[in-house]
Structures are given as structure tokens and as C-alpha cells.
Amino acid sequence: MNHLPVSEPPRVPLCRAGTPLEPLRRVGETLGVELYVKRDDMTGVELSGNKVRKLEYLFADARAKGADTVLSCGGAQSNHCRATALCATRLGLRSRLLLRTPDPTHPPAIEGNLLLDRLAGADIVWVTPDEYRARAQVFARESQALKQEGRVPYVIPEGGSNDLGAWGYIRAAFELRRDLEALPGGAGKPTTLVCAAGSGGTSAGLILGVKLARLDARVVSVNVCDDRATFVRAIGEICEAAIRTYRMTDLTFDRARDVEIQDGFVGRGYALSRPEELALLRDVARAEGLILDPVYTGKAFYGMTQLLAADRRALGERVVFVHTGGIFGLFPKAEEMAELL
Ligand SMILES: *Cc1c(COP(=O)(O)O)cnc(C)c1O
């Protein structure tokens, strides 16, 4: 099957799709696998990363509903919020971002993604970690305030991760099918896709996309926060919602079988790094000229190398690491990295 299902919802083109699939020969040889990287850090320059794939569908929906302002949320250095702010501005919409910070009276320095949010003209609402946990209330309050000003708000959930956003990586799986066809062994050779999981939408889209595109592939997600049970539930819910909403009736999905989470690599916590993770990021940069990010791809890559060091066959012969972007999150870590350089 080469075509996306007829139930594919409308999409606004925002992403530089057709990203390269490149071999990582030196690192692959060290790890003992045939290793490739899907360069979704190249979906754009300022739009770099996985979020723009999801936003193509979410912005189409926002427009169809007549929205003039999108709201979304994330950490202070959220890649998703940066992509949302830039896409909004490109489409002539406004954006309001709920960003998490320990003390809203002392917001973090304007650097990395936050600098780009500000350049794009996003309104920023700082929220505490407690408020963030109850963000449905903050979204309701901010939406109400916007309506009172005569504006039409549209809420994009954390990470753009819902049944609609999942289409970004359903589409990417069809793209991967074409990439794999060009490799030795073709698309029929069993492949393991490895990605970072933060809000679960990328993993959910890939899991469904692999089935719809009839790829012989496992999707292994390395969680960068929370735990395995949380992600099995979150990814399971997105997959099940998408199957219902878009009537993917001939597709069988089972959480316990299809959602593979490699827990154990959260380390010091979300967006916090361990020296060994940063050292690997440096080593990959020096071996391959490939830049990972400290919050997501660096941790997922670290997890992948640990699994393969313990058992070279843990992920099969052919492995595709999905590089989901995040480069701007590296710059606020410059000081922490300096001693490793
Ligand atoms: C958001 C993000 C992820 C995680 O994707 P989810 O769909 O939220 O699980 C991975 N890598 C980067 C760079 C991200 O910004």
C-alpha cells in the first residue's frame, strides 16, 4: 500500500517533508547494527523537529473552525511551543503559550526556543508546575479571556499529541516506507524504529503508520519523563482514539503488544542531563557530524546504545533512529557542556 488512507484529515503544508534517511556507519559499526537516522530535525530550519508534522493537521483544523488564536503549552524550552508560535505567525494567526517555570515572577532567560517564541510574537503566560498539572483550567481561563476580546481560540494539546496530531507520523511512516525501499534488503526487511517519547504523539503515529503502510517494523520508544505505564496508557489512548475517529476498522491494535516502551533512561528527570548523556551527544557529533538534543534525542540515543551494549540483537539487524529535532534546546546547556568539550 502506497497511499494514505482515505480518512486522512485536511492538512496545511508547513513541513519540509521528504527528510533524508542517512546511514550512521561509524556509530552503527561500534554498536553492531545497520544503523540509519531519519532526519526529522530537517523538517525546517526554525520549524526543525517532529512537531511541525503534527501541526500541519492541527492548524488545518484550527483554520476550519475559524480560529484566530492558538493556545498551547509546554516547558520553558518547549520545541512544540516554538513550532506552534512560528506556524501561527506564518498563517496569520496569533499564539498564546502556557510555559512552565518554577517561579513565574522570575521567568527564565530569553534564549534557545524561548527567544524564537518571542521573535515570533507569541503571548507568553508563565505557569507554575502545579498550575501546569491542572492546565485544562488555565486553558479554559485563557480561552474565556480571548473570547471576551472577540477572538476565536483553538487549543492545541501538549506536544500536539492527540488523534488528529498523530496523522503527522502516520504520514511519516509512508515516507519511511519509500526511504526503506531504497536500502539493501528493501522495505520488506524487518526494521526497528527508535524514537524519544515526551507526550506520545510521535510514537502513536508511527505505530499506526507502520500498520497502515504495512511495514515490517517495531516501534520502540524511549521515554524522557514519567514511566512506562504512563506512556503505554497515553500512547494507547491516542492510537485507540485515532482508530475510532478515523474508522481504521481493518487495523488491529493492542496496547500490551504494540506499545513498546524502553523505560530506565529518564535519568535526572525531564530536561535534566547526566554527564554520560551529554558525553554521548558530544561523541555522536564528533563521530558522525550529527547533533542530538539534550532533552529528547540525546536521551533516546543514549538509551538505544545502552540496550545494544547489553544485547547487540535487542533491536534486530536494521535500526532507524528517528531524529525528532530539538537543536535549540542545546544552547541553554552550553555552560553545562563546556567541561566536556
Ligand atoms: C516533543 C519532542 C519529542 C517527543 O515527541 P512526542 O510526540 O511528544 O512524544 C521528541 N523529540 C523532540 C526534539 C521533541 O521536541
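User: How far from an oxygen atom of the ligand does a backbone N or O atom of glycine 201 lie?
Analyst: This model is predicted, so local features need pLDDT of at least 70 and side-chain atom pairs pLDDT 80 or more, while totals for chains, interfaces and linings use all residues. Residues are numbered from 1 along each chain as its sequence is written, and side-chain values use heavy atoms, without hydrogens or water. From glycine 201, a backbone N or O atom faces an oxygen atom of the ligand at a distance of 3.3 Å.

User: Which residue has a side-chain N or O atom 2.7 Å from an oxygen atom of the ligand?
Analyst: Asparagine 50 places a side-chain N or O atom 3.0 Å from a ligand oxygen. At 2.7 Å from an oxygen atom of the ligand stands a side-chain N or O atom of threonine 202.

User: How much of the area that the ligand exposes when taken alone does the protein bury?
Analyst: The side chain of threonine 202 brings an N or O atom to 2.7 Å from a ligand oxygen. Taken alone, the ligand exposes 380 Å², an accessible area computed by the Shrake-Rupley method with a 1.4 Å probe. Of that area, the protein buries 98%.

User: Is threonine 192 buried or exposed?
Analyst: Threonine 192 belongs to strand S7, and a polar atom of its side chain is 2.6 Å from the backbone oxygen of leucine 315. Buried means under 20% relative accessible area, exposed over 50%, and partly exposed in between (1.4 Å probe, protein chains only). Because its relative accessible area is 3%, threonine 192 is buried.

User: What parts of the structure hold glutamate 175 and arginine 53?
Analyst: A salt bridge is a side-chain nitrogen of Lys or Arg within 4 Å of a carboxyl oxygen of Asp or Glu, and the count comes to 29 salt bridges. One of them joins the side chains of glutamate 175 and arginine 53 at 3.0 Å, N to O. This pair ties together parts that are 122 residues apart in sequence, because glutamate 175 lies in helix H7 (residues 167–181) and arginine 53 in helix H2.

User: How many residues apart in sequence are the parts that arginine 218 and glutamate 260 tie together?
Analyst: The closest N and O atoms of the salt bridge between arginine 218 and glutamate 260 are 2.8 Å apart. Arginine 218 lies in strand S8 and glutamate 260 in strand S9 (residues 260–262), so the separation in sequence of the parts they tie together is 42 residues.

User: Which residues do salt bridges that share partners join into one network?
Analyst: Arginine 257 and aspartate 258 meet in a salt bridge at 3.0 Å, N to O. Arginine 257 is partly exposed because its relative accessible area is 48%, whereas aspartate 258 counts as buried at 14%. Salt bridges with shared partners link into one network Lys38, Asp40, Arg53, Glu175 and Asp179.

User: Where does arginine 247 lie?
Analyst: Arginine 247 has a positive phi near 50° and is not a glycine. With a relative accessible area of 67%, arginine 247 is exposed. Its place is the loop between helix H9 (228–245) and H10.

Terms used: A polar contact is a pair of N or O atoms within 3.5 Å; within protein, one must be able to donate a hydrogen and the other to accept it, and residues adjacent in sequence count only if both atoms are side-chain atoms. Helices (H or I, at least four residues) and strands (E, at least two) are DSSP runs, numbered from the N terminus.
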